Amino acid sequence: MKIAIYCRVSTEDQDNDKQERINRDYCKVHNYEVVKVYKDIISGSTSVRPSFNQLLQDMRSRKFDCIIVTKLDRMGRSLKHLLSLFDEFQLKGIHFIASTQHIDTSTSSGRLQMQIMGAFAEFERSIISERTKEGLKKRKEGKRGPDKKPRKRRGVLKSQVGYYGENYN
């Protein structure tokens with residue numbers, strides 16, 4: 001089987017060479033031929049990913065039979081996006097493997113597991129987003145949490161400063 005490897009990390013500090021090594025080892029064990037390796041350094045929630053877009057273009061040209069990643073969340077974190085990708089893969093006869101999660105869409109149990117993992121990946125992304133928004137809101141309100149004291153502003157507690165910045169002391 002001809003394989004395309006896709007590796008993605010979110011920041012420059014991370015190393016996608018490790019993902020490539022894991023997938024190359026997987027392909028070697030299963031006697032798969034690696035056609036090309038695609039690498040991106042960009043957030044998974046970003047829809048415009050240069051190497052990923054090239055991967056899709058090559059997939060549509062049928063340059064390989066299967067796409068392999070280390071984990072499902074390397075493809076993206078939106079369940080809607082993942083499911084539309086897997087629908088297209090299925091229509092084109094392209095298999096998908098998440099090597100460290102033992103997902104292989106050529107089997108019915110692999111397809112089920114992929115859908116469950118996709119739901120959890122989207123849930124995780126949503127939780128992170130909610131927590132970030134909540135933290136930013138509290139920061140804007142000057143609150144740091146139930147166990148924290150009010151922050152000082154220019155040497156004065158915020159509770160002692162009025163709406164227009166006048167000092168009540």
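## Strands, salt bridges and a surface patch

Let's start with a pair of strands: S3 (residues 66–69) and S4 (residues 95–98) run parallel and are joined by four bridges. Two strands count as paired if DSSP finds at least two bridges between them. Helices (H or I, at least four residues) and strands (E, at least two) are DSSP runs, numbered from the N terminus. Within this pair, Ile 67 has Phe 96 in S4 as its bridge partner.

Before going on, keep in mind that this is a predicted model, where local features need pLDDT of at least 70 and side-chain atom pairs count only at pLDDT 80 or more, while totals for chains, interfaces and linings use all residues. Residues are numbered from 1 along each chain as its sequence is written, and side-chain values use heavy atoms, with hydrogens and water left out.

S4 has another partner too: strand S5 (residues 103–104) runs antiparallel to S4, with two bridges joining them. S4 and S5 make a hairpin with four residues between them. In that turn sits His 102, with a positive phi of about 55°.

Now zoom out to the whole chain. It holds four helices and seven strands, and along the sequence they follow the pattern β-α-β-α-β-α-β-β-α-β-β. Of its 169 residues, 34% are buried; buried means under 20% relative accessible area, exposed means over 50%, and partly exposed is in between (1.4 Å probe, protein chains only). Among contacts with a separation of 6 or more, 63% are between residues 24 or more positions apart. A contact here means heavy atoms within 4.5 Å. The chain exposes about 11,100 Å², and carbon and sulfur atoms supply 50% of that. Accessible areas come from the Shrake-Rupley method with a 1.4 Å probe, and for residues only the protein chains shown count as cover.

How many salt bridges are there? The count comes to seven, taking a salt bridge as a side-chain nitrogen of Lys or Arg within 4 Å of a carboxyl oxygen of Asp or Glu. Here are some of them:

| Salt bridge | Closest N and O atoms |
|---|---|
| Glu 20 and Arg 24 | 2.9 Å |
| Lys 39 and Glu 20 | 2.7 Å |
| Glu 88 and Arg 60 | 2.5 Å |

Glu 20 and Arg 24 both lie in helix H1 (residues 17–29), four residues apart, or about one turn of the helix. Glu 20 counts as buried because its relative accessible area is 16%, while Arg 24 is partly exposed at 39%. Glu 20 also forms a salt bridge with Lys 39. That pair links distant parts of the chain, since Lys 39 is in strand S2 (residues 33–41) and Glu 20 is in helix H1, 19 residues apart. Lys 39 is partly exposed, at 29%. Asp 17 joins in as well: Asp 17, Glu 20, Arg 24 and Lys 39 are linked in a network of salt bridges.

What about Glu 88 and Arg 60? Glu 88 is buried at 19% relative accessibility, whereas Arg 60 is partly exposed at 43%.

Last stop, the surface. Leu 112, Ile 116, Phe 120 and Phe 123 form a nonpolar patch there, with about 430 Å² of accessible area together. Patches are made of residues with over 30% relative accessible area and no salt bridge; like charges are joined within 9 Å, and nonpolar side chains (Val, Leu, Ile, Met, Phe, Trp, Tyr) within 5 Å. Leu 112 belongs to helix H4 (residues 108–141).
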